[in-house]
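This report walks through strand pairing, packing and charged contacts. Please look at the model before reading on.

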2 protein chains.
Amino acid sequence: MTVDTIHWEGSRPGFARIIDQTLLPTETKLLDLKTVEQMFDAIKRLAVRGAPAIGVAAGFGVLLGIQAHADKQADDVLGRTKETCAWLARARPTAVNLFWALERMQARATRDHAAKKSGKEIVDGLFDEAQRIWREDGEICRKIGAIGAELLKDGATVLTHCNAGALATADYGTALAPIYVARDQGKTIKVFADETRPLLQGARLTAWELFESKIDVTLITDSMAGRVMFEGRIDAVFVGADRIAKNGDTANKIGTYSVAVLAKEHGIPFYVCAPLSTFDEKIAHGDQIPIEERGAEEITEGFGKRTAPVGVKVYNPAFDVTPARLIRGIITEVGIIERPTTARVEAALKKGGRL
Amino acid sequence: MTVDTIHWEGSRPGFARIIDQTLLPTETKLLDLKTVEQMFDAIKRLAVRGAPAIGVAAGFGVLLGIQAHADKQADDVLGRTKETCAWLARARPTAVNLFWALERMQARATRDHAAKKSGKEIVDGLFDEAQRIWREDGEICRKIGAIGAELLKDGATVLTHCNAGALATADYGTALAPIYVARDQGKTIKVFADETRPLLQGARLTAWELFESKIDVTLITDSMAGRVMFEGRIDAVFVGADRIAKNGDTANKIGTYSVAVLAKEHGIPFYVCAPLSTFDEKIAHGDQIPIEERGAEEITEGFGKRTAPVGVKVYNPAFDVTPARLIRGIITEVGIIERPTTARVEAALKKGGRL
């Protein structure tokens with residue numbers, strides 16, 4: 001039992017059903033997206049967010065654009081597929097998984113077209129590919145969850161930061177997957193969720209999805225993580241990752257680094273949960289990861305109401321980098337990279353066929 | 001040049017002029033409080049806040065209640081003083097400095113009455129006492145500021161948490177006093193201010209008063225303190241204190257402990273700035289300091305808008321305790337208690353006549 005962020009409903013023609021994340025946590029509304037324009041809009045306005053979930057949404061978006069054209073010539077179907085992919089790519093120009101999924105869809109159509117398949121067969125292939133993207137994402141979540149759940153004893157309490165949960169993927173999430181799997185194994189797991197200023201993904205999304213899934217979750221401000229560790233309440237920290245360097249240095253939501261330092265101070269194991277696709281082989285160390293700075297208003301008027309003096313300087317880095325030396329392990333779909341080093345990351349990437 | 005939180009205007013009859021802190025940071029409005037009822041209301045609704053400033057407000061409040069009665073008999077003046085003090089004490093039943101100042105005012109009237117002074121002389125004495133409370137608070141701020149400023153080189157950058165500034169006192173504050181004094185000495189000092197969730201005293205008050213005082217201040221969320229330290233931007237941390245145990249363990253606004261751990265990790269000196277009156281000689285260690293828990297709504301709807309699911313559990317400790325071992329020094333009006341221990345705290349309390 002967990003929230004169902006995105007799935008394909010019906011067969012053909014069908015539609016994508018998503019949770020409108022812009023209304024969380026106060027309203028749970030399902031959106032049925034029946035046209036590619038509706039999917040474009042949903043991605044653009046963050047009704048669906050989280051790197052893996054965006055990839056799945058992109059695949060389904062292509063289907064919405066192409067499903068009515070199975071009776072067309074192969075050339076026409078391929079041309080429409082390319083146009084649809086090019087257009088969908090503009091919905092969120094910084095979302096790497098969006099491009100990755102669209103390239104995968106386009107490559108499938110191109111491959112099937114080159115193999116002299118018919119228009120209908122190319123559309124069949126696209127349906128298969130989109131469902132694969134969705135299914136593979138779920139499988140990766142379950143693998144990370146199963147591996148991470150072994151680390152959690154019955155009665156354990158986990159602290160997490162930001163949202164790397166079901167709402168960011170098509171299944172159990174990454175950082176929250178071990179919690180859901182442990183729950184499925186009959187263990188009682190408690191969670192402390194940092195609210196994660198400035199954008200409050202912890203309060204709005206993590207607290208919501210765990211609460212909906214009947215998991216014992218307690219919301220705290222980011223400034224309270226140290227106190228709850230000091231009080232001996234936390235057994236492990238699980239967080240997600242936006243990008244991991246080849247030596248294991250991990251970029252994730254701002255505040256993750258502080259949590260890692262606090263975990264070290266209290267002797268609490270700090271785990272990053274991420275699929276192998278999060279590793280950037282071109283980046284040797286974390287200091288080469290560019291850190292996006294975002295607008296001041298997220299801090300000065302993040303809740304609709306101005307809470308800081310007009311004109312005051314603000315520093316708003318969206319991410320920070322946690323050095324590998326603070327990470328007890330990176331939990332991937334091919335196993336845990338214990339106390340990550342470049343050699344150990346390379347070994348995992350090889351095992352996963354990524355090197 | 002700093003903000004003027006509270007002072008007495010005119011001689012007799014006169015009035016108290018305060019900044020209405022409930023309107024900050026978006027509106028700067030001075031309130032002229034001409035009756036004791038107005039002062040009661042200002043204390044109650046937090047128009048004036050911060051332990052030292054509340055003590056000063058209490059003294060001025062007694063004056064507002066008594067200044068029209070200097071022509072009365074000594075017995076009558078003493079009776080009215082006692083009544084006024086008893087009533088003002090109800091404005092904020094948990095504010096220790098409120099009671100301390102009212103007891104001091106009442107003791108002065110009682111002493112002068114016992115010395116057979118006239119009604120007018122007793123009122124004269126109360127005026128003297130209230131001005132002393134105000135002046136002494138300013139002197140303590142300046143002493144802490146002068147001692148702390150010696151630690152700041154020209155060009156230094158300080159990180160602070162919550163508000164222990166001019167807005168909490170009748171002068172330069174405690175944690176911010178070294179910054180104001182260093183500025184007066186011609187040094188250029190930069191400040192990073194944690195916004196301090198849940199109640200945002202850093203964003204609403206610290207950022208405001210430093211910005212108004214033309215000091216280079218940058219606002220960050222609490223979760224960014226680790227990152228700015230990691231980037232090498234911070235030379236020292238200065239924070240205030242709500243209560244200090246005899247061994248130097250320090251209770252202060254929630255989040256202070258995390259900042260102390262982060263400072264240690266980065267080799268940045270962490271200083272507590274507090275008058276000797278903050279020490280509680282009856283408390284040997286920090287774990288004996290009770291931690292107030294506050295309402296969930298400060299976290300779930302802290303900005304007027306609900307930002308967490310209805311019904312979710314919340315943990316909201318108002319304070320945390322920073323162990324003495326993380327504190328490089330406690331800056332008091334009688335000097336710095338370096339790497340505090342019970343013996344060193346006792347020595348400082350003796351020096352200040354408190355033991």
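S2(B) and strand S3 (residues 30-33) of chain B pair in the antiparallel sense, with 4 bridges between them. This is a predicted model. Within that pairing, Arg17(B) has Asp32(B) in S3(B) as its bridge partner.

**Strands of chain B**

S2(B) covers residues 15-19. The strand is mostly covered, with 4 of its 5 residues buried. S2(B) also pairs with strand S1 (residues 6-9) of chain B. These two run antiparallel and are joined by 4 bridges. Ile6(B) stands opposite Ile18(B) in S2(B). The hairpin of S1(B) and S2(B) has 5 residues between the strands. In this hairpin, Gly10(B) takes a positive phi near 75 degrees.

**A sheet with strands from both chains**

Which strands make up the open sheet of 8 strands? The order is S14(A)-S13(A)-S10(A)-S7(A)-S4(A)-S5(A)-S6(A)-S11(B), and the pairing is mixed. Strand S14 (335-338) of chain A and strand S11 (313-314) of chain B stand at the edges. Each has a single partner strand, so one side of each is left without a neighbour in the sheet.

Strand S7 (residues 236-239) of chain A and strand S10 (residues 270-273) of chain A run parallel, joined by 3 bridges. Here Phe238(A) has Tyr271(A) in S10(A) as its bridge partner.

**Aromatic pairs**

There are 12 aromatic pairs over all chains. The table lists two of them.

| Pair | Geometry | Centre to centre | Angle between planes |
|---|---|---|---|
| Trp8(A) and Phe127(A) | edge-to-face | 5.6 Å | 85 degrees |
| Phe238(B) and Tyr271(B) | edge-to-face | 5.7 Å | 80 degrees |

The pair of Phe238(B) and Tyr271(B) links distant parts of chain B. Phe238(B) lies in strand S7 (residues 236-239) and Tyr271(B) in strand S10 (residues 270-273), 33 residues apart. Phe238(B) and Tyr271(B) are both buried.

Now the pair in chain A. Trp8(A) and Phe127(A) form an edge-to-face pair, 5.6 Å centre to centre. Trp8(A) sits in strand S1 (residues 6-9) of chain A, and Phe127(A) in helix H5 (residues 119-149) of chain A. They are 119 residues apart. Trp8(A) and Phe127(A) are both buried. Ring pairs also bring in Phe60(A), which joins Trp8(A) and Phe127(A) in a cluster.

Phe127(A) has a charged neighbour too. The charged end of Arg12(A) sits over the ring of Phe127(A), 4.7 Å from its centre. In chain B, Arg12(B) lies over the face of Phe127(B), at 4.7 Å from the ring centre.

**Nonpolar core**

In soluble globular proteins, nonpolar side chains tend to be buried together. Here the largest nonpolar core has 149 residues. Which residues have the most contacts inside it? They are Val237(A) and Val237(B).

Leaving aside neighbours within four places in sequence, Val237(B) is in contact with Leu159(B), Met229(B), Val259(B), Ala263(B), Ile268(B), Pro269(B), Phe270(B) and Tyr271(B). Tyr271(B) is also the ring partner of Phe238(B).

**Salt bridges**

The count is 62 salt bridges over all chains. A few of them follow.

The side chains of Glu346(B) and Lys246(B) meet in a salt bridge, at 3.2 Å from N to O. Why does this pair tie together parts that are 100 residues apart in sequence? Glu346(B) lies in helix H11 (residues 342-351) of chain B, whereas Lys246(B) lies in the loop between strand S8 (243-244) and strand S9 (250-253) of chain B, so the pair spans that separation. Glu346(B) is partly exposed, at 26% relative accessibility. Lys246(B) is buried, with a relative accessible area of 18%.

Chain A holds a network. Salt bridges that share partners join Arg104(A), Arg108(A), Asp112(A), Lys117(A), Asp128(A), Glu129(A), Arg132(A) and Glu136(A).

Glu298(A) bonds with Arg294(A) in a salt bridge whose closest N and O atoms are 2.6 Å apart. Is Glu298(A) buried or exposed? Glu298(A) counts as buried, at 10% relative accessibility. Arg294(A) counts as partly exposed, at 37%.

Arg183(A) forms a salt bridge with Asp184(A), the closest N and O atoms being 2.9 Å apart. Asp184(A) is partly exposed, at 42% relative accessibility.

Definitions and conventions. Residues are numbered from 1 along each chain as its sequence is written. Chains are lettered from A and ligands numbered from 1 in the order in which they are written. This is a predicted model: local features need pLDDT of at least 70, side-chain atom pairs count only at pLDDT 80 or more; totals for chains, interfaces and linings use all residues. Side-chain values use heavy atoms; hydrogens and water are left out. A salt bridge is a side-chain nitrogen of Lys or Arg within 4 Å of a carboxyl oxygen of Asp or Glu. Buried means under 20% relative accessible area, exposed over 50%, partly exposed in between (1.4 Å probe, protein chains only). Rings of Phe, Tyr and Trp (its six-membered ring) pair if their centres lie within 6.5 Å; planes under 30 degrees apart count as stacked, over 60 as edge-to-face and the rest as tilted. A charge sits over a ring if NZ of Lys or CZ of Arg is within 6 Å of the ring centre and within 35 degrees of the ring normal. A nonpolar core is a set of buried Ala, Val, Leu, Ile, Met, Phe, Trp, Tyr and Cys residues joined through side-chain atoms within 4.5 Å. Contact means heavy atoms within 4.5 Å. Two strands pair if DSSP finds at least two bridges between them.
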